[in-house]
Amino acid sequence: MFESRQLSESVSMRVLRPSDAAALATAYVRNRAYLSPWEPVRPEEYYTEAWQAADISNRLVAHEAKEGYPFALFAGDMLVGRFNLAGIVRGPFQSAGLGYWVDSKYAGRGVATAAVQAIVEIARDELGLHRIEASTLLHNGGSQRVLLKSGFRQIGMAPRYLQIAGKWQDHNLYQIVLHD
Ligand SMILES: CC(C)(COP(=O)(O)OP(=O)(O)OC[C@H]1O[C@@H](n2cnc3c(N)ncnc32)[C@H](O)[C@@H]1OP(=O)(O)O)[C@@H](O)C(=O)NCCC(=O)NCCS
């Protein structure tokens, strides 16, 4: 079973723990302006330890039910990214969705690509999933590059797909098929 993975000399990845709430809130405060063009509008409480503790708790319930993997990236004690494999559906679909961000100070060093590639391996070899889906804003060239470098391929464009930065925005859709 997945414990943790070293992604670079200084950054490792593991599943979130209840004790990560303060570090997660601090990371969202530190990256608030940087993430705002790429994320939904967040309520003020989102940036508090209490809100993040409740969110981690909900995600760990889903994780126990094998419906999701809430990964976090760490550089020492500092939380420097979130990668969320969520909405795992079994039966004939065997599919999950992937969303992510990397702290502004750690971006541009290959960390996101290493994390996505590790998650692809976990999804294929440990979870036995058939596919992972991800979506990006049409102008998110960095995220698109991460997906393409990790073996995802574009499967379409969904008009007005997600409400990001307060607007329903078009997204490119990507998938990776994990088994022949
Ligand atoms: C997108 C994000 C996760 C990338 O993380 P990262 O650790 O910098 O990614 P990597 O270093 O592994 O790879 C980035 C790649 O994109 C390229 N890139 C960066 N900005 C780019 C742009 N505007 N257009 C095209 N390519 C770009 C880099 O050159 C690199 O490719 P290369 O290795 O071939 O040179 C990070 O920038 C981020 O968190 N952004 C804000 C939140 C976000 O957009 N999340 C994803 C929502 S879909």
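A salt bridge is a side-chain nitrogen of Lys or Arg within 4 Å of a carboxyl oxygen of Asp or Glu. By this rule, the count in this predicted model comes to eight salt bridges. The model also holds a ligand, and the space taken by this ligand is the largest pocket.

- E121 belongs to helix α4 and R5 to strand β1 (residues 4-6), so the pair ties together parts that are 116 residues apart in sequence.

**Residues around the ligand**
- The ligand is surrounded by 22 residues, and the closest are G108, G110, T113, N140 and K149.
- By type, the residues of this shell divide into 10 nonpolar, nine polar and three charged.

- A polar backbone atom of G108 lies 2.6 Å from an oxygen atom of the ligand.
- A polar backbone atom of Y100 lies 2.9 Å from a nitrogen atom of the ligand.
- In Y34 the side chain takes part: one of its N or O atoms is 3.2 Å from an oxygen atom of the ligand.
- Taken alone, the ligand exposes 970 Å², and the protein buries 66% of that area.

**Elements that form the shell**
- The space taken by the ligand, which is the largest pocket, has a shell to which these elements give two or more residues: α2 (32-35), β5 (95-102), α4 (111-126), β6 (131-137) and α5 (141-149).
- Helix α5 provides the largest share of the shell, six residues.

Technical notes:
Residues are numbered from 1 along each chain as its sequence is written. This is a predicted model: local features need pLDDT of at least 70, side-chain atom pairs count only at pLDDT 80 or more; totals for chains, interfaces and linings use all residues. Side-chain values use heavy atoms; hydrogens and water are left out. A residue is near a molecule or strand if one of its heavy atoms lies within 4 Å of it. A polar contact is a pair of N or O atoms within 3.5 Å; within protein, one must be able to donate a hydrogen and the other to accept it, and residues adjacent in sequence count only if both atoms are side-chain atoms. Accessible areas come from the Shrake-Rupley method with a 1.4 Å probe; for residues, only the protein chains shown count as cover. On a 1 Å grid over the protein atoms alone, a cavity is a set of points where a 1.4 Å probe fits but cannot get out, and a pocket is an open set with protein on both sides within 12 Å along at least five of seven lines; lining residues have an atom within 4 Å of a point. A molecule sits in a cavity or pocket if more than half of its atoms lie within 2 Å of its grid points. Helices (H or I, at least four residues) and strands (E, at least two) are DSSP runs, numbered from the N terminus. Ala, Val, Leu, Ile, Met, Phe, Trp, Tyr, Cys and Pro count as nonpolar, Asp, Glu, Lys and Arg as charged, and the others, Gly among them, as polar.
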